[in-house]
Amino acid sequence: MLSRTAENLYWIARYMERADTAARLLEVGSRISLIPTAHGYRSEWDSLLQATGMAAGFAAKYGDPVQRNLESWLFFDRDNPSSVASCITAARENGRIVRTALTTQVWDALNTAFQELKQLEREERSRLDLSRLTDWVMRHAAMLRGAIDATLLRNDGFNFLNIGYYLERGDNTARLLDVKYYVLLPRVEFVGSGLDNYQWTTLLRAMGAHRAFHWAYGGEVTAAKIAHFLILNPQSPRSLITCVGGIANHLARIAKAYGRETPVQARAGDMLAGLEGETVERVFEEGLHEYLTRFIGEAAALGHAVHEAYFSGEMR
Amino acid sequence: MGKSARGFGVDSIGRRDGFDEMTGTGGDLRQPYARLQDWVQAMPVELRSLKQAEAEALFRRIGITFAVYGEGGDPDRLIPFDMFPRVFSAAEWARLERGIKQRARALNAFLVDVYGRGEIVRAGRIPSRLVYRNEAYEKEVAGFVPPKGVYSHIVGIDIVRTGPDRFHVLEDNCRTPSGVSYMLESREIMMRMFPDLFRENRIEPVDNYSEVLRRTLASVAPLKCDGDPNVVILTPGHYNSAYYEHSLLADLMGVDLVEGQDLFVEGEYVYARTTEGPKRVDVIYRRIDDAFLDPLCFRPDSMVGVPGLMDVYRSGGVSICSAPGAGVADDKAVYTYVPEMVRFYLGEEPLLENVQTWQCGKAEDLAYVLDRLPELVVKEVHGSGGYGMLVGPKASREEVERFRALLTADPGNYIAQPTLALSTVPTFVEEGVAPRHVDLRPYCLVGERIELVPGGLTRVALKEGSLVVNSSQGGGVKDTWVLAE
Amino acid sequence: MLLHVDHVTTYRYEAPVRSAVQSHRLTPSLCEGQRVLDWEVTVTGGTPGAGFRDGAGDFVQGWTVAGPVSEIAVTVRGRVETRDTAGVLRGLRESVPPEAYLRETPATALDRGLRDLALSVQAADRLDLCHQLAGAVAGAIAYAPGATHAHTTAAEALALAEGVCQDHAHALIACARAQDIPARYVSGYLFADAEGAAQEAAHAWAELHVPGLGWVGFDPANRCCPDARYIRLGSGFDAQAAAPIRGIARGPAGREALDVRVAVLTGEQ
């Protein structure tokens, strides 16, 4: 398949997943800001924005983090390349380019999200409440996912789409987790406090994993359990191990279809093996923030390796 | 019978002052349209608007957007679709087909000649100035003969009709004529909405166009290509107004739709970047202009081309369709000489007439034109899309005077033609059915063989009395039928 | 005259480039007055394309370099035996008619200054007129390295009244076309003799078309017609089109430095 087509498919998935994350972030942010904290409302939002690399752009455009501005920035603002609107538009544009590689159902899912977005943009902002917006994003993200799973041919394009999904999701999980542990709670004595628990729960809720977590672990919410759930538990749909496992699986399918491996398969295999042999104790020993930073770096390097192997079209 | 509650009578269709393809000049129903009369009379008004809405929804759904070469305009605009088909009998089409193929052969022979020995110029049959000083003459391909001697692989010839047996060529398009997606989609939609019509009338199919196109392109693969040629379509990108057409054709032919960045040159060949590594490309059906093909040969600022492509092309490593430089055969000044080309290269009499054309660059022609400006149509030599054009009989006095000044200032930039009484075809309008002027663009495919799919793009001027069929100026399209014997 | 050419062009990239593509006109024309004894063009790390002779008779050769590389050197070495043909080009097989060379390009576009210069001379005979035009251009633009750059147009150079061989050639082409004389840009080499009469070893001049004679070279920079000291490589509408090397490198963006060393020597070696 044409490298650019594969890359467009991959980016459809990445952008849709990113839109989904932006919506979840908005939800976490506004929930956390509803309760009083030691650091104040402003710093909560700052750290959220920081974690996703959107802080500088926001500060330049709006200055102080006011709720309404934050909603604009994360949802509607085209100046923010990671806003829901930017991501959905980019996903749909990538889809339009490779229209013939998509089924009608997949295209409809993308196009409908885009058309409805345009309607939302026309609506009066005071009539749009936040939960309606975030629900809307998650619904469309799920519809696209469903259309892909239900109708798309299981060819190389399908594998590249899924690599995009897993890579973006793994990166996003790591970032959301990092916000919570490192930025929101810089001082170690807060860990384990009631406040902390509330915030952890909010985080789980935003990841749609609140109930799943309790089902899997039960009992008190602890940092160790959460880290295990979001990093090492292969049952968790957003855990790093699930994402890396998904990438490795789809890369293996590509290697099989093409009849040859590239360095990227080995790299994904190494990452997966690393996660499989990991324990929460060792993660905390290294430092959660350090661990997550390393993961984000490795995931980016993996993305780059996918690009070199398949999207540059120069691999011999 | 006039307009009734149930349907529309034939005399609301008839027209006295010109040739109507359904009712002729006298109002008698012409045979190819016989069954359509029953169809339109039996169609209740409500059904008609229902179907019209359905057609529009279908077009919108498939996302077809459209611009005829050089027309510009909003890329997301939908061109209006008229459900009343335009019909040719088998005999009419047979005649047209011979004329179109003849013309396509002559145009290609001309291109081989002017990039070779230039016999037609030496013989004094066409002024050398029109050829070698022409912007579209590309000296970079002089001396190079493309595979099978074909420069223009898709020749779009714009034809108008003025009588039962009179067809005139308005313009030739030798570069990358667009609009064929409309021929294909109009037919799809008509078959979907009115299957009965296709049962009652025996209509030649057009849907093999993509297969014939693929075969044509594959037949001009370079000699160096061994095995099944890899054909691609090169598009300027998804912001281009004809992107839909590019992706439709790629999809129907089962070939890759590439942008310049997807291709690269290495050694003697051009390759596409694929997920399995570089894949050699043998034939490029390009939908970008010559000037942008290769920054090392043409415009150095081109971002949509492929660096080094022209060196590979000229050393026989890849075929480019249409060949760079093909445009020298299709400008409005060279057009005048196409009948001469037919005689010179083929030794035949042209089967399709040109429209009489005055070259304003010639003193005696200019004098004649300035004298009769209000009766004539004046066009820019390099213009297209119905812009920069004067339709004398429809123009205001100021407009005529403005053109008089333009002509006097730069006569060489204009040609003039008589105002033709273009044929009309019944068309659904607000009040019912009324005659509207049409033209026709068939797409002649030239490779190892020369082929013509029975059909084409019929454009219709939706404004009453208008002669301008361009989609940017209120034109629409119709399905074009050729009846089987 | 036996001329030895040693010409190295080196491109250095601050950030290594992924790949590079070049199109060369670096082979002496097949025409009377120059006979190639040996000639070799090499590109470091390069793969040659299939060379061909274009419609203007030039030998064109494509090259591609697979990256990443931070330096590409193009080396031309060879020996050519030359003979003075009084500037007249004979024996070159070309299929582009002279009339095609009446076309204006941005570099050779006429302005009032150029038009006045072109019309300031008169002659009964075409050849004489060409000589007059070359003389007028030489008189109007003084040789001054550094006054102009690669993208200076003929009109700009004339307004400055200073320039190098490229500007002289562009100005002469513009003036000739103004007189309806087909004209083109020629690139090649020039042997700089001991007295330093000739200024540039990688050189350029113009050819004007004279009915009966064909293409005739004029070198306003040296106020002469090309002779045995000149080696002709290729031609085009202007400097860009006739460039001995046209190339493009693919990302990442970064500074690019160009170093050119040319030596043209004579004698048996």
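# A tour of chains C, B and A

Select chain C: of its 269 residues, 48% are buried, a residue being buried if 20 or more other C-beta atoms, placed from the backbone, lie within 10 Å of its own, exposed if 12 or fewer, and partly exposed in between. The model is a predicted one, in which local features need pLDDT of at least 70, side-chain atom pairs count only at pLDDT 80 or more, and totals for chains, interfaces and linings use all residues. Residues are numbered from 1 along each chain as its sequence is written, while chains are lettered from A and ligands numbered from 1 in the order in which they are written.

**Chain C**

Colour chain C by secondary structure to see four helices and 13 strands; helices (H or I, at least four residues) and strands (E, at least two) are DSSP runs, numbered from the N terminus. Chain C has a radius of gyration of 18 Å, close to the 18 Å that the globule rule gives for 269 residues, so chain C is as compact as a globular protein of that length. The radius is taken over C-alpha atoms, and the rule is 2.2 Å times the number of residues to the power 0.38. The C-alpha trace spans about 60 × 40 × 40 Å along the principal axes of chain C. Of the contacts in chain C with a separation of 6 or more, 73% are between residues 24 or more positions apart; two residues are in contact if their C-beta atoms, placed from the backbone, lie within 7 Å.

**Chain B**

Next, select chain B, with its 14 helices and 21 strands. Its C-alpha atoms fill a box of roughly 75 × 60 × 40 Å, taken along the principal axes. Chain B has a radius of gyration of 23 Å, which agrees with the value near 23 Å for a compact globule of 485 residues. Buried residues are 51% of those 485.

**Between the chains**

Show all three chains. Two pairs of chains are in contact, and chains B and C share the most contacts. Chains A and C have no contact, and their closest C-alpha atoms lie 10 Å apart.

Now go to where chain B touches chain A: 15 residues of chain B are in contact with 17 residues of chain A. On the chain B side, the elements giving two or more residues are α9 (243-253), β5 (256-258), β7 (269-274) and β8 (277-281). That side has four nonpolar, five polar and six charged residues. Here Ala, Val, Leu, Ile, Met, Phe, Trp, Tyr, Cys and Pro count as nonpolar, Asp, Glu, Lys and Arg as charged, and the others, Gly among them, as polar.

**Chain A: two domains**

Colour chain A as domain 1 (1-151) and domain 2 (154-316); these bounds come from an automatic or database domain assignment. Contacts link 29 residues of domain 1 with 27 residues of domain 2. On the domain 1 side, α1 (3-32) and α2 (41-51) of chain A each give two or more residues, and α1(A) gives the most, with 18 residues.

**Helix α13 of chain A**

Finally, select residues 263-276 of chain A, which form α13. Show the side chains of Val264(A), Arg267(A), Ala268(A) and Met271(A), which are buried. The buried residues of α13(A) pack against α12 (240-258) and α15 (288-311) of chain A. Turn to the face directed away from the buried side of α13(A) to find the exposed residues Ala266(A), Ala273(A) and Glu276(A).

Notes. Expected span 1.5 Å × (residues − 1).
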